Each structure stands twice: as structure tokens, then as C-alpha cells.
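Have the sequence to hand as you read.

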Amino acid sequence: MANKKSKEQTDKLIQQLNTQIDTYGNSPEAFKEYLRFMGNFTKYSYGNCALIQAQFKGANAVGTFNHFQKLGFSVKKDEKSVIRILQPIKTKIFQDKTGKWQFVKDATKEEKAAIKSGTIPTKERPVGYRALPVFDISQTTARAEDLPSEYPNKWLDGSHPLSSIVEQGVRNVMDARGITFSRKPWEQSNGVIKGIFNISERSIQLNPRNSDIQNCKTLIHELGHAILHENTKLTAPEKEFQAELTAFSVCSAYGIDTSDYSLAYLKYWTKDLKEREHLISGVEKAVKEITKAVNQVIDVEKEKWLGMNRDSVMKEFQKKVEGLYAGNYDVATPLLRQYDHLHSPYDSLDLRLDALAKMMHQETSVVADSIDRAITQIGALQASNDIEEQESYIRNENRQLQLKEEIPVVIKAPQKKQAKQVAQAYTMER
């Protein structure tokens, strides 16, 4: 019965996300925002644009070290200038009395005086080129929130309490399928590509610039390629649709929001797809395999939590209640957030009831009437068995605080198995 219910929830989630793609669209204002942002950067010649893409794939906003400093961003310490463009070297020339063009540096005294006064006009002429080092904005301290909403190759920032747990489940699927995590140095020419699945080596490689959430989502995307596309005749848009919807669905199932990234990506790859329903079954297959492995990791972690952290989480919740009552919204609750992500809404509400009951017998700044009302409200919500209402209550409660810290759950990855070599020798890139 539980497996049937889980299957129904997974199918419903995938269909909801598939429908959401059609409603996604950026406004004209968002496009104008992007154009205004790009107005801060030089428009390079076709030749220089080709050079940039060859050296750093996907680069879009490119500038010198000093240019980024003027915009308020710094180049990160570990980044190297791997992009070189050709900058013209120009010199000033003028026409002498005979009509011939001469270098200003070779002008006579009288001609230089006339040039200075403006009697003789000058113009610039290129005499050669020099290699100018530039950087892409992804190599700077700029965050995703600093970029316009329509910015191509935008990345996900930040972390999530469950990202390491989800990643552990993904790694377990990789191990079972003989897919390794590549330790090769990241080639700078890969630029802003977030990850690569190398079919010939059966390995996945991630961009070291990725955040925790970006790594988690991209790892699932590449695993989606590995599960679904090693022997397939699907087109590139169909493959990317399946891989990204797999990542989007798995992340959504555990409360990891990748919609800002995934919806734009899916919209791009599905603009020429007339029919998508035949691709959904493959997505369902991949999502169920991955979520089953993640749920197994969560079950193990829940046991640890019940034995080690319940009292700590209850104390943290009590501090939260005290803070809310006093109007203090800076109370950090990382353990409580992790508990809510790992446990069912019923369990989370049960923990809150226990914590409030203990507060009734303690000296606290929160008056007993307020605690009693909270116990009544949460108790009624728990008794209703309405999962959606319970989840909504917990989400809204957590939104009341501006969290100052998050402590991610760290799980040691298991020893990797040796990957089997296959004949194919091409990569699917992301």
C-alpha cells in the first residue's frame, strides 16, 4: 500500500512539474533587465566571440579584472585568466600637405602645433594586436541573485539541509550501476557547463564552481542521462528534457527548490518538442529508482536523529517560540529545519507538542495561555491527518525566521566501484 501511494505521489509530482513548464515565461521587463545588465559589457567582434567560446564554453558576460571591480565584483582568488581576446593596438595618424597619411609621432613641430590646435584633424589606425586577459562573470564573486532573471547559464547558489543526503542516495545508485565520480581536473574550456556524463568512461564530472545545491541537482541530471540514454535514439532536446525533469522532480520531492534554474532550462529544450508524454515514463522510472535509494538513506538518518538529536531539536524549537513571542526573528534553527526535512509532518508536529508541553512546566517568558493555544492548534492539525495542511503549517512557521546559519548534514560517501569500460566515446554535457 505504501509503495502504491509513493508511486501515485511521484507520478502526480512529475505531471505537475511537466505542466508547470508550459506556464513558465519571462516578462518583457525581465528581458529589458537583461539588456540593461549586458550594457555594462563590451560587445566583442565575431572573431573575439569565437575565441571566448573556444576557451570558456558558455561565457556571456566577459570583462577585465578592473572592469569587474568597477561593477562591484572581484575575481575569485583561485580563478585564472584562461580567456584571451585580441585587443587592437592603435596609433594616431594625420594627413600632411601632400595628402599622405603619417604617424603623429613623426610630425614636424609645425604639424604637431597644428594638430594640437585642431587645425589638422587626426584619426586612429590599428597597427597590430595584443592578447588581453579577461574573465567570465562566473569566475567572480557575483552571486546568482546579482544576475538578471533571464541571464543564460545562470547557476544555483546556496545549500540545503537535505542536499548531502540526496547526493548520498544518488551516489548509491551510481555505485549499483557501476558509474564513477570522475576525479579528472576540470578543463577550463568547459566553462560554465555544470557537469558532464562521459559515456565511454561511464563517469560523471562536476564543475568545481558549483554550489552545494547546484552539485546535487546536476549530479541527478547526469545520472538521469546515465540511466536513460546510454542506448537510445532520442534527440538532444528529448534527452535534456528527461534528464532535467528527473533532477527537478527528485529535488522537488525533498523540498530542494531548483525552479529558477530548471524551468528556464526545460523551457529552452522543449520549445521545439511537440509531444512530451511519451518521454514521461522514462522520467518516472529514473525518479523512482533515485528516490528509493534516497529514502533508504533518510531512514538510516532518521534513526540517528531519534537517538541523538530529538532533545536538541526540542530545545531549539523552544528558543524559537521564545524568540517569536519576543519579536526576535534572528533565532537560528538549523537542527529543526533538518528534522522537518527528514521526518513526516506528523512527527514534526509531535515534536512541537512535546516541546510545548515541557514549556508549560518551566519558567518561560511565554505566557501559559499562549502555549496552551499553540498546543490546541497543533494538536487539532495533527489529528486532522491532512498532510498538505500540516506541511503548509510547518513551511509557514519556518518562514517567520530569517535564518542566520545552516548546518548541512554531512554523510561520508562509500568507496567507489571500478567502472566498466564501454566502446562509446562521446559525452553528454550539461
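Predicted model: local features only at pLDDT ≥ 70, side-chain atom pairs only at ≥ 80, totals over all residues.

## A nonpolar patch on the surface

Start with Leu51, Leu86 and Tyr129: together they make up a nonpolar surface patch, with about 300 Å² of accessible area between them. Of these, Leu86 sits in strand S2, which spans residues 83–95.

## A buried charge without a partner

Next, head to helix H10 (residues 277–308), where you'll find Glu284. Glu284 is buried, yet it has no salt bridge. Which side chain of opposite charge is nearest to Glu284? That's Lys288, at 4.3 Å, while a salt bridge has to be within 4 Å.

As for its neighbours, Glu284 touches Asp11 and Ile14, leaving aside residues up to four places away in sequence.

## Positive phi in two loops

Now for the backbone. Most residues other than glycine have a negative phi. Asn153 has a positive one, near 60°. You'll see Asn153 in the loop between strand S4 (122–136) and helix H6 (163–177). With 35% relative accessibility, Asn153 is partly exposed.

Arg202 also isn't glycine and has a positive phi, here near 50°. Its loop lies between strand S6 (195–198) and strand S7 (203–206). Is Arg202 buried or exposed? Arg202 is buried, because its relative accessible area is 9% and buried means under 20%.

Note on methods:
Residues numbered from 1 in each chain as written. Heavy atoms only, no water. Patch = residues over 30% accessible without salt bridge, like charges linked within 9 Å, V, L, I, M, F, W, Y side chains within 5 Å. Areas by Shrake-Rupley, 256 points an atom, 1.4 Å probe, with all protein chains shown as cover. Helix = DSSP H or I, 4+ residues; strand = E, 2+ residues; numbered from the N terminus. Buried < 20%, exposed > 50% of the residue type's maximum accessible area, 1.4 Å probe, protein only. Lys, Arg positive; Asp, Glu negative; His and termini not counted. Contact = heavy atoms within 4.5 Å.
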